[in-house]
Amino acid sequence: MFEILPGSADANIGIKVSGKLSSEDYDVLLPKLDEAIGAHGKINLIMVFSDFDGWDDLDAAKADYKLGTHQYHQVEKAAFVGEKKWQGWMVKILDPFTRHTKERFFEVDQLEDAWSWIKEE
C-alpha cells in the first residue's frame with residue numbers, strides 16, 4: 001500500500017510503502033504524482049519502506065515499471081528511507097540508470113533529514 005505522508009506539499013511528496021503493492025495502489029498514486037508534476041514540472045520524493053513485501057502480481061510490477069519510466073523522469077531528488085542494508089545498496093546500484101535524479105538513502109531515524117534534504121535548493 002502507498003500512503004501519502006503528512007508534510008507532503010507542493011512539489012515535495014512523501015510516500016510510505018508497505019505490504020504487497022497491487023496495481024490498484026498504483027492507480028491511486030500515479031494520478032497524484034501526475035498532478036504534482038503538472039503543477040510544478042519537477043517533484044521531489046521521499047519513499048519510506050516499512051514492511052514492504054514486493055508486488056501482488058504482474059500487473060503491479062508493470063505499474064511500477066511505468067512509474068520508473070514515466071513519472072520518475074520528472075523527479076529531481078528522491079530520498080529512500082529504510083531499515084535494511086540492501087535498500088541502501090539498491091539506491092547505489094540504480095544511480096547510474098537514473099542520472100537525472102539525485103538520490104540518497106536515509107536510515108529510518110533520519111526521516112527529518114530526508115525531508116530537509118529534498119526541500120533544500
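Tutor: Strand E3 (residues 43-55) and strand E4 (residues 75-82) run parallel and are joined by 6 bridges. This is a predicted model. Within this pairing, isoleucine 46 has alanine 79 in E4 as its bridge partner, and asparagine 44 stands opposite lysine 77 in E4. E4 is mostly covered, with 7 of its 8 residues buried.

The two strands belong to an open sheet of 5 strands, ordered E1-E2-E3-E4-E5, with mixed pairing. Strand E1 (2-4) and strand E5 (102-107) are at the edges; each has a single partner strand, so one side of each has no neighbour in the sheet. From one strand to the next, the twist averages 25°. Helix H4 (residues 111-119) packs on this sheet and touches strand E2 (12-21), E3, E4 and E5. The direction of H4 makes about 175° with that of E4.

Next, the nonpolar residues. In soluble globular proteins, nonpolar side chains tend to be buried together. The largest nonpolar core here has 22 residues, of which Ile15, Leu33, Ile43 and Leu45 touch the most other members. At least two residues of this core come from each of E2, helix H1 (23-40), E3, helix H2 (58-69) and E4. H1 gives the largest share, 6 residues. Another core, of 10 residues, lies apart from this one and has Val81, Ala114, Trp115 and Trp117 among its members.

Not counting residues up to four places away in sequence, isoleucine 43 touches Ala11, Ile13, Leu33, Ala36, Ile37, Gln74, Val75, Glu76 and Lys77.

The loop between E2 and H1 holds serine 22. Serine 22 has a relative accessible area of 11% and is therefore buried, the cut-off being under 20%. The side chain of serine 22 makes a polar contact of 3.2 Å with that of glutamate 24. Beyond its neighbours within four places in sequence, serine 22 is in contact with Asp56 and Ala60.

That leaves the aromatic residues. The structure holds 4 aromatic pairs. One of them is formed by phenylalanine 2 and tyrosine 26, edge-to-face, at 5.0 Å centre to centre and with 85° between the planes. Because phenylalanine 2 lies in strand E1 and tyrosine 26 in helix H1, the pair ties together parts that are 24 residues apart in sequence. Phenylalanine 2 and tyrosine 26 are both buried.

Phenylalanine 106 and tryptophan 117 form a tilted pair, 6.1 Å centre to centre and with 50° between the planes. Here phenylalanine 106 lies in strand E5 and tryptophan 117 in helix H4, so this pair ties together parts that are 11 residues apart in sequence. Phenylalanine 106 is buried, as is tryptophan 117. Separately, Phe49, Phe52 and Trp55 form one aromatic cluster.

Methods. Residues numbered from 1 in each chain as written. Predicted model: local features only at pLDDT ≥ 70, side-chain atom pairs only at ≥ 80, totals over all residues. Heavy atoms only, no water. Pairing = 2+ DSSP bridges. Helix = DSSP H or I, 4+ residues; strand = E, 2+ residues; numbered from the N terminus. Axes fitted to C-alpha atoms, helices over the stretch in contact; angles between N-to-C directions. Contact = heavy atoms within 4.5 Å. Core = buried A, V, L, I, M, F, W, Y, C linked by side-chain atoms within 4.5 Å. Buried < 20%, exposed > 50% of the residue type's maximum accessible area, 1.4 Å probe, protein only. Polar contact = N/O pair within 3.5 Å; in protein donor to acceptor, adjacent residues only side chain to side chain. Phe/Tyr/Trp six-rings, centres within 6.5 Å; stacked < 30°, edge-to-face > 60°.
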